[in-house]
Amino acid sequence: MTRTVQGAKVLITGAAGGMGRMYAERAVVEHAASVTLWDRDAAALARTADELGALSRGRTAVRSYVVDVGDLGAIAKTAQRVRREVGNPDVLINNAGIVRGNRYFWETDTGEDTRPTMQVNALAPMYITREFIPGMIANAYRPSRIVNIASAAGTLANPRMAVYAASKAALIGWSDSLRLELEQADHGNVKVTTVTPSYISTGMFAGAKGPLLAPVLEPEVVVDRVWRAMLAGSPLVELPWSVGLSRALRGILPTRVFDRIIGDGFGVYRSMERFTGRR
């Protein structure tokens, strides 16, 4: 799997549009054996499945499942159907995510904001991976890949997105720990890639302003970098390069100095002031 996903079974969450759809298109173009799409938007999912089916020209089996990954009970039921109808995936891309922003934490609602954000962004990837990773491990002679789409927000505190930052920090901690566990247990056929991009121009972060040295990223660029890293089994993708710089400086500088330089000087702490998101 160092060059293409040809012959592999691929499953992508949040696949009805945006970057999820772009990952699915890459899999179809590379002649994956199957591409399984998960999304809660039934209409968009049906359109995407039809269009990808036409693109595949019968060379890739495209299957779609309507599932809200924020419903943790639905994950197990849908995963069971996938194993029965398609088979255990070789490639799992945990792409689905949500954001509630432009409010301070005390202005958020526990039920409408905090709970779904943590369920979709942090718990769902864990639940989904737990469903499929035993099959990946058992098939020891076949390369498998798990890609977890986190965020630079999980490495750097930022006002007006406290819960989102918390969800992505949890995802990063779990994802990289999973990578180490697989290596320690000698399950080298299963490799984990953690992705921590800054803002991406998909509409999810509409209105957010890219800080100094971290311009808003084009989704095509991110998808290409993630795809190549996934095939190679690389452990981490940080986009742009300044994400890694900020992480390093956070570990070196005193907190108040870091706040002044990165938060205020680079504009990170003001980047969500005009956030609107998708409407």
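Which residues of helix α8 are buried? In this predicted model, helix α8 covers residues 255–265, and its buried residues are F258, D259, I262 and G263. Seen down the axis of α8, these residues fall within an arc of 110°, so they line one face of the helix. R256 and R260, on the other side of α8, are exposed. Helix α7 (241–252) is part of what covers the buried residues of α8. Just after α8 comes G267, with a positive phi of about 85°.

| Residues of α8 | State |
|---|---|
| F258, D259, I262, G263 | buried |
| R256, R260 | exposed |

The second topic is empty space inside the model. Rolling a probe the size of a water molecule over the atoms shows where empty space is left. A search of the whole structure finds one cavity of 30 Å³ or more. The largest cavity has a volume of about 90 Å³.

Which residues line the largest cavity? The lining consists of R100, G101, R103, F105, T108, D113, T117, R160, M161, A162, V163 and Y164. Helix α5 gives the most, with three residues. By type, the lining of the largest cavity divides into five nonpolar, three polar and four charged residues.

Note on methods: Residues are numbered from 1 along each chain as its sequence is written. This is a predicted model: local features need pLDDT of at least 70, side-chain atom pairs count only at pLDDT 80 or more; totals for chains, interfaces and linings use all residues. Side-chain values use heavy atoms; hydrogens and water are left out. On a 1 Å grid over the protein atoms alone, a cavity is a set of points where a 1.4 Å probe fits but cannot get out, and a pocket is an open set with protein on both sides within 12 Å along at least five of seven lines; lining residues have an atom within 4 Å of a point. Grid points are joined across faces, edges and corners, and a volume is the space filled by probe spheres set on the points. Helices (H or I, at least four residues) and strands (E, at least two) are DSSP runs, numbered from the N terminus. Ala, Val, Leu, Ile, Met, Phe, Trp, Tyr, Cys and Pro count as nonpolar, Asp, Glu, Lys and Arg as charged, and the others, Gly among them, as polar. Buried means under 20% relative accessible area, exposed over 50%, partly exposed in between (1.4 Å probe, protein chains only). The arc is that of the directions from the helix axis to the C-beta atoms. Contact means heavy atoms within 4.5 Å.
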